[in-house]
Amino acid sequence: MRSPSPPSRRQDLADEWRAALAIARKELRIAMRYPLNLANEVLQPLYQFLLPSLLLGATFAVGGRALGVASLVGTDDLAGFLFLGIVVGGLVGAAFWEIAFSFKREMDVGTLEPTWLTPTRPETFVIGRAISGITIAGATSLVLLGIGLAIFGASYSAGGLAALPAIGLAAFSMLGIGYLVASAVLMLREPNFFVDATSFLFAMASGVAFPVAVLPIFVRPVAYLLPTTYALDLLRYHALGIRPLLEPWLEWLALLALAIVTLLLGRLVFRRTEHRMRIRGTLGQH
């Protein structure tokens, strides 16, 4: 009898894609079983970040106008500026918590090693969790944008739709960042503080809460290396008409280049980390 031929590369990629979608569906079903947690995805950024920032901005407003923001970026729509920032903030949260930290949760319940004994590639689990995490972040962002529009007087131009490809490129970049952070999570025994601190710093350096121009001069070069900085700047440029950090075509080019670099680098580091842990037998150690 003739032995069955090995699956082609195309078939293998199709199988991995189906596995990633199955993982995403599983994660979304788990999330939907806990509606209060889903509600918290909307309420937490609202009461922890948006409301304090809006109240502080109103305290220092002159005649109801945020003159400081207007002088820096060219718009006094503080609500629109902040609520658009939370769109990219959601992508950062998805990369650090929904993608990377999920491996810590798998370690805690003892399912990481059995999961990785399946034929599915380990990096496919990252892609599946990225799909579910970004889906939840996108839905949360839409709800928050609606709240900003209906309650807080934010105004967004329809031109903001032109920045949707920038958000898509940023999502690919955050997949690469998710690979990098997941590698660190696998190596650390207690990664909670690391993930919490780095996700906060990453979001702040991207200009989620304030213009990048107010960052200390030694931090600004870091901000210019983050893909989320350009995605958010393009979103605000198209939706609010702010003055961009760079020429828009340069920001598109930088965003595309960073998406490629972060994705390739993140996948390479994740593969090496996973291979190293398999050899050492420390995959489930925590």
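In the predicted model, the second largest pocket has a volume of about 450 Å³. Its lining comprises 20 residues, of which Val 87, Leu 142, Leu 145, Leu 164 and Ile 167 lie closest to the pocket centre. Four helices, α4, α7, α8 (164-187) and α11 (227-240), each contribute at least two residues to this lining. The largest share is provided by α7, with six residues. By class, the lining of the second largest pocket consists of 15 nonpolar and five polar residues, and no charged residue is present.

The largest pocket has a volume of about 1,400 Å³. It is lined by 40 residues, and those closest to its centre are Glu 41, Gln 44, Gly 93, Trp 97 and Glu 98. Two or more lining residues are given by each of α1 (9-32), α2 (35-59), α4 (78-100), α5 (102-109), α7 (122-150) and α9 (192-205).

The helices α2 and α4 pack at an angle of about 145 degrees, and their axes are 11 Å apart. Their crossing is right-handed. On the α2 side, the contact is formed by Glu 41, Pro 45, Leu 46, Phe 49, Leu 50, Ser 53, Leu 54 and Gly 57, while α4 contributes Leu 78, Ala 79, Leu 82, Phe 83, Ile 86 and Glu 98. This contact contains 10 nonpolar, two polar and two charged residues. Glu 41 and Glu 98, which take part in the contact between α2 and α4, are also among the residues closest to the centre of the largest pocket.

For α4 and α5, the packing angle is about 20 degrees and the axes are 5 Å apart. Because angles under 35 degrees count as roughly parallel, α4 is classed as roughly parallel to α5. The residues in contact are Trp 97, Glu 98, Ile 99 and Ala 100 of α4 and Ser 102, Phe 103, Lys 104 and Arg 105 of α5. By class, four of these are nonpolar, one is polar and three are charged. Trp 97 and Glu 98, which belong to this contact, are likewise listed among the residues closest to the centre of the largest pocket.

Key. Residues numbered from 1 in each chain as written. Predicted model: local features only at pLDDT ≥ 70, side-chain atom pairs only at ≥ 80, totals over all residues. Heavy atoms only, no water. 1 Å grid on protein atoms, 1.4 Å probe; cavity = no way out; pocket = protein on both sides within 12 Å on 5 of 7 lines; lining within 4 Å. Points joined across faces, edges and corners; volume = space filled by probe spheres on them. Nonpolar A, V, L, I, M, F, W, Y, C, P; charged D, E, K, R; others polar. Axes fitted to C-alpha atoms, helices over the stretch in contact; angles between N-to-C directions. Left-handed = near helix turned anticlockwise from the far one by under 90°. Contact = heavy atoms within 4.5 Å. Parallel < 35°, antiparallel > 145°, perpendicular 65-115°, else oblique.
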